[in-house]
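Good morning, and thank you for joining this group meeting. Please look at the model on the screen, and I shall then walk through selected side-chain contacts and the overall fold.

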Amino acid sequence: SIILIFTIVGVFFSALFGATLANELATSATANIFFAAIFLIFAISFFGYFEIRVPNKLLNKINKKADDGGLLGIFFMALTLVLVSFSCTAPIVGTVMIDAVSGNFIKPIVVMLGFSIAFAVPFSLFAIFPSWLESLPQSGGWLNSVKVVLGFLELALCIKFLSMPDQAYHWGILSRDIFLIIWILIFLAMGLYLLGYIKFENDSKVKSYGFGRLSMISITFGFCIYMFSGLFGGNLSALAGIIPPPNYGTTEPVCENIEVKYAEKLHIPHGLKGYFDFDDGKECGIELDKPLFLDFTGHACFNCRRMEENVWADSEVKKRLSEDYIIVTLYVDDKTSLPKKEEYSTLGRKNFALQMDVFGSNAQPYYVLFDPKYNKLLARPKAYDTNVQNFIDFLDEGKERFYKKREGK
């Protein structure tokens, strides 16, 4: 019943947030600021300043239903358990569900299924083996420390969600360096808390450092050092998609007579040349008689950044992209306003419609090799795949088919 209750929440979110709405919410200023505020509230709650509670009147009503017995009684007993634990689980479940808003139909269901199984299994085991309850550690300072650590993680997520609209609307407030500095301060404070130098209201005095605490302290300060290296040009591939991408500078045109629209706001990774408008890229491809590499991406796309950091960075991939193709990077969530004569209000909506209507896909990253002269696909489009050789084979296949068409084969 516990698993069923939590999974129903996942199904509800999946049904509520379809692909288009999820794409809009992922970088919406209003939605992300609202989510960031929720994370801030969760963090303050975990720090012990207040608890998020379900009204006692509602709890009592549901608890009475549990006394009826039978399968229905068991279900309401599970529901009572879920609601009683709301003050602890709400920030965790809320974090998962808010993050799932920018995912697909399956993600919220799978995440909530996994969380609910982990939540339900201990209760089932203790019901079967009640004597195990005597060996459980008593709640106290250690449990509050766990909650406070989660509070620091909620603060970090708050900054992450503020970063999404900052990139999509090009506010320029949370640059990569500013983001890293804030995260370093948050995790530095978490490390000092674990050492006992920072205390909250419900904390017990740290009398000794066990293996678990020492491990967390080492990991936290190690993570701070790792992020600090990023301030001086270090490669932070493990955080690709979480922190803002590096500023690769202004993209240069491939065809001198075709300007790169939106070059002052958008970028192509690793200093590669290309375009941000499909029609401009197509015109250049026809002029130079070269195939197009269509990169459907997004500011809020975690997997897109992972591909760019771990696949595009390969020297053989970069060589093929720069020499064999006209790169057209199409942000599906960008909020740059378009002229009123355009069919769509923003650049992101225009690109997302192109991906949905022409290529029948709504997920990113999505890579299409396209013949601009004959309007034909050159290979089966590719999604997220961090295998470098697979990506090289994909690019080689498109090039080979392009030139076979030119040779009349």
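I begin with a charged pair: the side chains of Glu 342 and Lys 350 meet in a salt bridge, with N and O 3.9 Å apart. A salt bridge here is a side-chain nitrogen of Lys or Arg within 4 Å of a carboxyl oxygen of Asp or Glu. Glu 342 is partly exposed, at a relative accessible area of 30%, whereas Lys 350 is buried, at 19%. For these classes, buried means under 20% relative accessible area, exposed over 50%, and partly exposed in between, with a 1.4 Å probe and protein chains only. Asp 277 joins Glu 342 and Lys 350 in a network of salt bridges.

Two points on provenance. This is a predicted model, in which local features need pLDDT of at least 70 and side-chain atom pairs count only at pLDDT 80 or more, while totals for chains, interfaces and linings use all residues. Residues are numbered from 1 along each chain as its sequence is written, and side-chain values use heavy atoms, with hydrogens and water left out.

How many salt bridges does the structure hold? There are eleven salt bridges. Another of them links Glu 308 with Arg 305, the closest N and O atoms being 2.9 Å apart. Both residues lie in helix H12 (residues 302-312), three residues apart, about one turn of the helix. Helices are DSSP runs of H or I with at least four residues, strands are runs of E with at least two, and both are numbered from the N terminus. Are Glu 308 and Arg 305 buried or exposed? Glu 308 counts as buried because its relative accessibility is 4%, and Arg 305 counts as buried because its value is 5%. In a further salt bridge, Lys 382 meets Asp 385 at 3.2 Å between the closest N and O atoms. Lys 382 is buried, at 16% relative accessibility.

Let me turn to the chain as a whole. The protein chain has 15 helices and four strands. Of its 409 residues, 46% count as buried. Among contacts between residues at least 6 apart in sequence, 67% join residues at least 24 apart; a contact means heavy atoms within 4.5 Å. The accessible surface comes to about 20900 Å², and 61% of that area belongs to carbon and sulfur atoms. Accessible areas come from the Shrake-Rupley method with a 1.4 Å probe, and for residues only the protein chains shown count as cover.

Next, the aromatic residues. A search of the whole structure finds 27 aromatic pairs. In one of them, Tyr 193 and Phe 200 have ring centres 5.8 Å apart and planes at 55 degrees, so the pair is tilted. The rings of Phe, Tyr and Trp (its six-membered ring) pair if their centres lie within 6.5 Å; planes under 30 degrees apart count as stacked, over 60 as edge-to-face and the rest as tilted. Tyr 193 and Phe 200 are both buried. One aromatic cluster is formed by Phe 293, Trp 312, Tyr 325, Tyr 367, Phe 391 and Phe 394.

Charges also sit over rings. The charged end of Lys 160 is placed over the ring of Phe 161, 4.7 Å from its centre, and Lys 405 lies over the face of Tyr 374, at 4.9 Å from the ring centre. The criterion is NZ of Lys or CZ of Arg within 6 Å of the ring centre and within 35 degrees of the ring normal.

Gly 285 lies in helix H11 (residues 278-288), and it counts as buried because its relative accessibility is 1%. Which residues does Gly 285 touch, not counting those up to four places away in sequence? They are Lys 290, Leu 292, Ile 326 and Pro 372. Gly 285 and Ile 327 are 42 residues apart in sequence, with their C-alpha atoms 9.4 Å apart in space. The second residue, Gln 167, is in helix H8 (residues 141-168). Gln 167 is buried, with a relative accessible area of 12%, and it touches Pro 244, Pro 245 and His 299, again leaving aside residues up to four places away in sequence.
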